[in-house]
Amino acid sequence: MENKEEDVRLGANKYSERQAIGTAAQSDKDYTEPPPAPLFEAGELTSWSFYRAGIAEFMATFLFLYISILTVMGVSKSESKFSTVGIQGIAWAFGGMIFALVYCTAGISGGHINPAVTFGLFLARKLSLTRAVFYMVMQCLGARDSHVPLLAPLPIGFVVFLIHLATIPITCFSAAAS
């Protein structure tokens, strides 16, 4: 019985109740952080993978906005709401497109799709300034070519960025649907 009482006294994890919750409390890391990305890397401008990643970001942003906005337009222009996919279909279209496009582009460019995600990764020093600016330009061009106003993805992405900024230190996980 003594072992059970000690387990109850210490709790389910190895940290005492007085210790803070969150990433600062976890001193035993089972991974090593990669070194921060350089601010400017001129060698990227001559590599094919740099441009291939930009094209992937362009296509992913273009397809995401084009397909998902067409789904919304199909629901709003229909005379009968029963003949369309409805609100749940719109949610499935957005979630499914994000899932498929991040899956397809994650190995090429990281699957950001959104300029705010790219900006957040730049602030975390996971991307160089050269790559971050190129990705954001390509994402904005993809949004423009899909007939969505040029800056439309920025406020949505900025809200997602703020949610991540506020909740990741508390909950230790992302709020992304994919």
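Me: At what angle do helix H4 and H5 pack, and how far apart are their axes?
Reply: In this predicted model, helix H4 covers residues 115-123. Two packed helices are described by the angle between their axes and the distance between the axes. For H4 and H5 the angle is about 175 degrees, and the axes lie 9 Å apart.

Me: Are H4 and H5 roughly parallel or roughly antiparallel to each other?
Reply: Their packing angle is about 175 degrees. Angles over 145 degrees count as roughly antiparallel. H4 and H5 are therefore roughly antiparallel.

Me: How many residues of the contact of H4 with H5 are nonpolar, polar and charged?
Reply: From H4, the contact takes in Pro 115, Thr 118, Phe 119 and Phe 122. H5 brings Leu 129, Ala 132, Tyr 135, Met 136, Gln 139 and Cys 140. The division is eight nonpolar, two polar and no charged.

Me: What length does H5 reach from its first C-alpha to its last?
Reply: H5 runs over residues 129-145 and has 17 residues. At 1.5 Å a residue, 24 Å is expected. The model comes close to that, with a reach of 24 Å.

Me: Which residues of H5 are buried?
Reply: Buried means under 20% relative accessible area. In H5 this holds for Thr 130, Arg 131, Ala 132, Phe 134, Tyr 135, Met 138, Gln 139, Cys 140, Gly 142 and Ala 143.

Me: What pattern does the protein follow along the sequence?
Reply: The protein has six helices and zero strands. Buried residues make up 30% of its 178 residues. Read along the sequence, the pattern is α-α-α-α-α-α.

Conventions: Residues numbered from 1 in each chain as written. Predicted model: local features only at pLDDT ≥ 70, side-chain atom pairs only at ≥ 80, totals over all residues. Heavy atoms only, no water. Helix = DSSP H or I, 4+ residues; strand = E, 2+ residues; numbered from the N terminus. Expected span 1.5 Å × (residues − 1). Buried < 20%, exposed > 50% of the residue type's maximum accessible area, 1.4 Å probe, protein only. Axes fitted to C-alpha atoms, helices over the stretch in contact; angles between N-to-C directions. Parallel < 35°, antiparallel > 145°, perpendicular 65-115°, else oblique. Contact = heavy atoms within 4.5 Å. Nonpolar A, V, L, I, M, F, W, Y, C, P; charged D, E, K, R; others polar.
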